Every structure is written in structure tokens, then in C-alpha cells.
Amino acid sequence: MPPTPSEPIRVGAISVRFVLDAETSGGSATAFECEVPANAVMSAAHSHDGFEETNYGLAGVTTFTVDGEPHELHPGAVVFIPRGAVHAFENRYDGAAKFLAVVTPGVFGADYFNEIAAVLSAAAGGPPDPAAIGEVMRRHGLTPAIAAAERNREG
């Protein structure tokens with residue numbers, strides 16, 4: 001039976017829709033489409049030690065900052081994020097952007113985005129609780145950028 005894409009998950013202004021889950025891939029990969037409206041920012045810079053992330057541009061331009069270096073993701077282009085690289089993304093343009101993210105191995109799923117969306121919702125339009133965001137990130141294998149920078153200095 002072919003997998004059925006998930007319903008979109010709203011994470012602030014950004015929308016995420018899983019097109020491949022770990023169960024369907026036998027744990028090899030997960031994949032999701034990410035829609036980024038004009039001028040939207042995913043400001044929670046982070047790294048992950050347990051998986052790689054490959055992003056393929058579908059529409060518009062998303063700017064990924066990876067270890068301090070900006071990379072513009074245009075349709076048909078790829079931005080690879082290795083394990084341990086601190087990264088975030090934003091749409092610096094007036095038009096919407098969309099990319100496909102493939103995570104290998106498939107240890108990262110929709111639960112992360114649902115939990116982050118719940119933290120944002122609990123903030124009721126105000127700033128989200130940074131400790132709650134950090135807790136969700138760590139539980140799903142992400143290291144917030146501040147903790148990643150401290151780890152890199154120590155190691």
C-alpha cells in the first residue's frame with residue numbers, strides 16, 4: 001500500500017507536510033515539503049548529530065545559513081546539511097518558497113513539528129517559551145544553536 005501524505009502541520013507561518021515517514025521507508029529516510037511564506041524566518045538555529053538533511057528547492061528561494069554561510073536554495077538546487085552543522089532558514093523575498101527536505105536515516109518525524117506547533121500555540125501570539133522549545137528540540141535529536149556552539153568550543 002503506498003503511503004498517504006500527511007495533512008499539513010502549521011508551525012507559525014511555515015507549513016510542513018510529510019510525504020515519507022520512517023515506517024514506510026523501514027527507517028531509512030523521512031521526507032517532508034516545507035512551505036515558507038514571503039519574509040518568514042525559522043529562527044531556531046540548531047544542529048543534529050543523528051541524521052543528515054538534504055533540501056531540494058521546489059519553488060521560490062529559501063536562504064539556508066549553514067555554519068554561518070548563506071546558501072540560496074532555488075528550484076532544482078540542493079543544500080546538504082551534514083550532522084553537527086548549525087543551520088536555520090528564511091525566505092528573504094516577497095514570493096512564497098517551497099522545498100523538499102529528506103532526512104537520513106529516518107529518525108525525525110511529524111511529532112517534532114506537532115510539538116513545536118503546540119508550544120507556539122500555547123504562547124497565544126506572544127513569544128514562545130524558549131525552554132519548552134529547547135526541550136522539544138532535544139527530545140527529537142536537535143541541539144539548539146547556543147548548546148551546539150558550546151559543544152563545539154569544548155570538543
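**Close-up 1. Ala124 in the loop between helix 2 and helix 3 of the predicted model**. Ala124 is found in the loop that lies between helix 2 and helix 3, where helices (H or I, at least four residues) and strands (E, at least two) are DSSP runs numbered from the N terminus. Although Ala124 is a residue other than glycine, its phi is positive, near 50°. Ala124 counts as exposed at 70% relative accessibility, on a scale where buried means under 20% relative accessible area, exposed over 50% and partly exposed in between, with a 1.4 Å probe and protein chains only. Because this is a predicted model, local features need pLDDT of at least 70 and side-chain atom pairs count only at pLDDT 80 or more, whereas totals for chains, interfaces and linings use all residues. Residues are numbered from 1 along each chain as its sequence is written, and side-chain values use heavy atoms, with hydrogens and water left out.

**Close-up 2. The contact of helix 2 with helix 3**. The axes of helix 2 (residues 110-122) and helix 3 (residues 130-139) come within 10 Å and cross at roughly 175°, the axes being lines fitted to C-alpha atoms over the stretch in contact, with angles from 0 to 180 degrees between N-to-C directions. Helix 2 is therefore roughly antiparallel to helix 3, a description that applies to angles over 145 degrees, while those under 35 count as roughly parallel, 65 to 115 as roughly perpendicular and the rest as oblique. On the helix 2 side, Tyr112, Glu115, Ile116, Val119 and Leu120 meet Ala132, Ile133, Val136, Met137 and Arg139 of helix 3, contact meaning heavy atoms within 4.5 Å. The residues of this contact divide into 8 nonpolar, no polar and 2 charged, where Ala, Val, Leu, Ile, Met, Phe, Trp, Tyr, Cys and Pro count as nonpolar, Asp, Glu, Lys and Arg as charged, and the others, Gly among them, as polar.

**Close-up 3. Aromatic pairs and the ring cluster**. The structure holds 11 aromatic pairs, in which rings of Phe, Tyr and Trp (its six-membered ring) have centres within 6.5 Å, with planes under 30 degrees apart counted as stacked, over 60 as edge-to-face and the rest as tilted. Phe32 and Phe113 form an edge-to-face pair, at 5.2 Å centre to centre and 65° between the planes, and this pair links Phe32 in strand 3 (residues 30-36) to Phe113 in helix 2, 81 residues apart. Phe32 is buried at 5% relative accessibility, and Phe113 is buried at 10%. The rings of Phe51 and Phe108 are stacked, because their centres are 5.2 Å apart and their planes stand at 25°. Ring pairs link Phe18, Phe32, Phe51, Phe108, Tyr112 and Phe113 into a cluster.

**Close-up 4. Asn91 in the loop between strand 9 and strand 10**. Asn91, in the loop between strand 9 (87-90) and strand 10 (97-104), is buried, with a relative accessible area of 1%. Its side chain reaches the backbone nitrogen of Tyr93 at 2.9 Å and the backbone oxygen of Gly95 at 2.8 Å. Leaving aside neighbours within four places in sequence, Asn91 is in contact with residues including Val36, Pro37, Ala38 and Val61.

**Close-up 5. The cis peptide bond between Thr104 and Pro105**. Thr104 and Pro105 are joined by a cis peptide bond with an omega of about -10°, and Pro105 is found in the loop between strand 10 and helix 2.

Notes: Polar contact = N/O pair within 3.5 Å; in protein donor to acceptor, adjacent residues only side chain to side chain.
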